[in-house]
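Try each task before you read its solution.

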Amino acid sequence: MTDTVNQRDAIVEILTTEGPLTVRLYGDTPGHRANFLKLAEEGYYDGVLFHRVIKDFMVQTGDPDSKTAAPGQHLGSGDPGYTLEAEILYPKHYHKYGALAAARTGDQVNPERRSSGSQFYIVTGQKQSARSIEQSEMRMANDVKQKYWMKLMKENAARIKELQAAGDRDSLENFRQQLIEKLEAEVEVPTLPQNLKDDYITLGGTPHLDNQYTVFGEVIDGMETVEKIQNAEVDASDRPKEDVKIISMKVIEK
């Protein structure tokens, strides 16, 4: 992850065919901030479509190929020819309603979780229940414990094979219990900050994306425009049947 630097937040106005919206770019995600400002000032985003729109989830844009796309053409693979180093600052920045985040390819081909050089999405999501938040915390805890358990298995593979080969079930079970005790003693189970819980319950969002994608800003005005976009009628590829596009961007403050 890129070292954070003390930069000011930047403000950008985005005019779309559904209306205007204004975003704040976080100063502590400097790589994404600088890249977004550069592309905005160059007019890179002018004319790009919102090519992937999923109601109660998010709206995505930034594919340069969409500027000249034929009706029904599948989109989503275009970029400026580079990716950005991940700047995932969870739980400081998370997928609350209105969050601005960078799209990327999946972990299978992108284990470093590098961001697309231009594609981004704005979160709409849904309001979460207290129970769903509790389940999210449980999943986080289980994931952390599972990763640590696999680490212990790898580190102690030789000893485990030795006991298995000897057929010493009692010693094997005792050793397993020792590893469980080690896991419980050494693993700190993460909990969600209260402000994050409150936002997901009262505002909504997509918590299952947290800690996986770089959140580098948020909408500070114009979520009614985003709501209009997410309500567009879409085809089987989640592309709006009638083009919804970015007309222009204007940097207000940097």
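**Exercise 1.** Which side chains meet in a salt bridge of 2.8 Å, N to O, with that of E155?

*Solution.* Start with the ground rules. This is a predicted model, where local features need pLDDT of at least 70, side-chain atom pairs count only at pLDDT 80 or more, and totals for chains, interfaces and linings use all residues. Residues are numbered from 1 along each chain as its sequence is written, and side-chain values use heavy atoms, with hydrogens and water left out.

Step 1: recall the rule. A salt bridge is a side-chain nitrogen of Lys or Arg within 4 Å of a carboxyl oxygen of Asp or Glu.
Step 2: find the partner. E155 meets K151, at 2.8 Å from N to O.
Step 3: Helices are DSSP runs of H or I with at least four residues, strands are runs of E with at least two, and numbering starts at the N terminus.
Step 4: check accessibility. Buried means under 20% relative accessible area, exposed over 50%, and partly exposed in between (1.4 Å probe, protein chains only). E155 has 49%, so it is partly exposed. K151 has 40%, so it is partly exposed too.

**Exercise 2.** Find the salt bridge partner of R8, and say where the two residues sit.

*Solution.* Step 1: the partner is E253, with the closest N and O atoms 2.8 Å apart.
Step 1: R8 is in the segment before β1, and E253 is in strand β10. The two are 245 residues apart, so the pair links distant parts of the chain.
Step 2: R8 is exposed at 51%. E253 is partly exposed at 35%.

**Exercise 3.** Is R104 buried or exposed, and which residues share its salt bridge network?

*Solution.* Step 1: R104 is buried, at 15%.
Step 1: R104 bridges to D107, the closest N and O atoms being 2.9 Å apart. D107 is partly exposed at 31%.
Step 2: the network links R104, D107 and R113.

**Exercise 4.** In what order do the eight strands of the open sheet lie?

*Solution.* Step 1: two strands pair if DSSP finds at least two bridges between them.
Step 1: the order is β3-β4-β8-β6-β9-β2-β1-β10, with antiparallel pairing.
Step 2: look at the edges. β3 (50-54) and β10 (246-253) each have a single partner strand, so one side of each lacks a neighbour in the sheet.
Step 3: zoom in on one pair. Seven bridges join β1 (residues 10-16) to β2 (residues 19-25). I14 has L21 in β2 as its bridge partner.
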